[in-house]
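Subject: Structure handover

Hello,

Here is the structure for you to look over.

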Amino acid sequence: MFVTRLLSGIVLVALFVGILYLGGPVTGVAMGIISLIGVFELMRVYKLEKRLPGILSYLATLVFYGFLILGKDMAVLPEIIVSIGVLFMLLLLGVYVTGFPTYKDKDIAVSYFSFFYVSMMLSYVYRLRILPHGGYFVVLIFLCSWGNDTLAYCTGRLFGKHKMSPVLSPKKSVEGLIGGIIGAGLLGAIFGLIYMKNASDPVGNVPLFAVITAVGAIPAVIGDLAASAIKRNNEIKDYGKLIPGHGGILDRFDSMLFTAPIIYYAVRLWML
């Protein structure tokens, strides 16, 4: 099991390095596909993956990423996002009332939630990548999510004594939480040194990189626990089996759903 998890993790990291290195439409399309799979996994939890509300969630994701990738004027992007959200809600409610009582209010709420929870939040990976110096900054998302997760696990295994969330995630410890946050900050500082030496016309400074990654590690934990809470509420072990040893897209990208928007806005606020 460990070997399978390790090998699939290496392959996943290698794929993402290539996707992020190429940038532009390649990164956008890749995040769109990942978002579609994630929405499908969440819809499957509620048995909506092949029903009309689920299909509308897929269409909303496709339209959103289409505008995101093909749009030229990024200044109007917030208005486009709001417009897509409003239209999506109108369509869902139209399906709800015209087909009543085929669908419950819960089905409509879950479908709307899935688009924002998965597609919208993961899109910040692409949105960060296309910023100036985005090829560097996007790495911070992975340091905060995957780096924090790995270091928290190691710290918890070595020093964990106090349970952080005994009911929701019994294996996580307070020591692991602290170790993950400090570790992410250290990774951010190391990456900041690399960035400052290699980037042309660098912005920010090494301590700022450390602060951003440490701060970004906190919502990573919330993202992980939120995904676990959904699984426990619906009595499932994993969201899927797409990634051997890891589960589905949402099992591997759960923390990134929360870190991506936080890092994006931190970079925009403090560096650009």
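At what angle do helix H5 and helix H10 pack, and how far apart are their axes? H5 (residues 105–129) and H10 (residues 256–270) pack at about 45°, and their axes are 8 Å apart. Axes here are lines fitted to C-alpha atoms, for helices over the stretch in contact, with angles from 0 to 180 degrees between N-to-C directions. Helices are DSSP runs (H or I, at least four residues), numbered from the N terminus.

Two points on how to read this. The model is predicted, so local features need pLDDT of at least 70 and side-chain atom pairs count only at pLDDT 80 or more, while totals for chains, interfaces and linings use all residues. Residues are numbered from 1 along each chain as its sequence is written, and side-chain values use heavy atoms, with hydrogens and water left out.

H5 and H10 are therefore oblique to each other (angles under 35 degrees count as roughly parallel, over 145 as roughly antiparallel, 65 to 115 as roughly perpendicular and the rest as oblique). Their crossing is left-handed, that is, the near helix is turned anticlockwise from the far one by less than a right angle; clockwise would be right-handed. Contact (heavy atoms within 4.5 Å) involves residues including Tyr-117, Leu-122 and Leu-128 of H5 and Phe-258, Ile-263 and Val-267 of H10. By class, the residues of this contact are 16 nonpolar, no polar and one charged (Ala, Val, Leu, Ile, Met, Phe, Trp, Tyr, Cys and Pro are nonpolar; Asp, Glu, Lys and Arg are charged; the others, Gly among them, are polar).

H2 (residues 24–45) also meets H5: the axes come within 9 Å and cross at roughly 160°. H2 and H5 are therefore roughly antiparallel, and the crossing is right-handed. Among the residues in contact are Gly-28, Gly-38 and Leu-42 of H2 and Ser-114, Tyr-117 and Leu-122 of H5. The classes here are twelve nonpolar, eight polar and one charged.

Beyond four places in sequence, Leu-140 contacts Phe-191, Phe-209, Ile-212, Thr-213, Ile-263 and Val-267.

Lastly, Lys-231 lies in H8 (residues 206–233). Lys-231 counts as buried because its relative accessibility is 14% (buried is under 20% relative accessible area, exposed over 50%, partly exposed in between; 1.4 Å probe, protein chains only).

Regards

Notes. Helix = DSSP H or I, 4+ residues; strand = E, 2+ residues; numbered from the N terminus.
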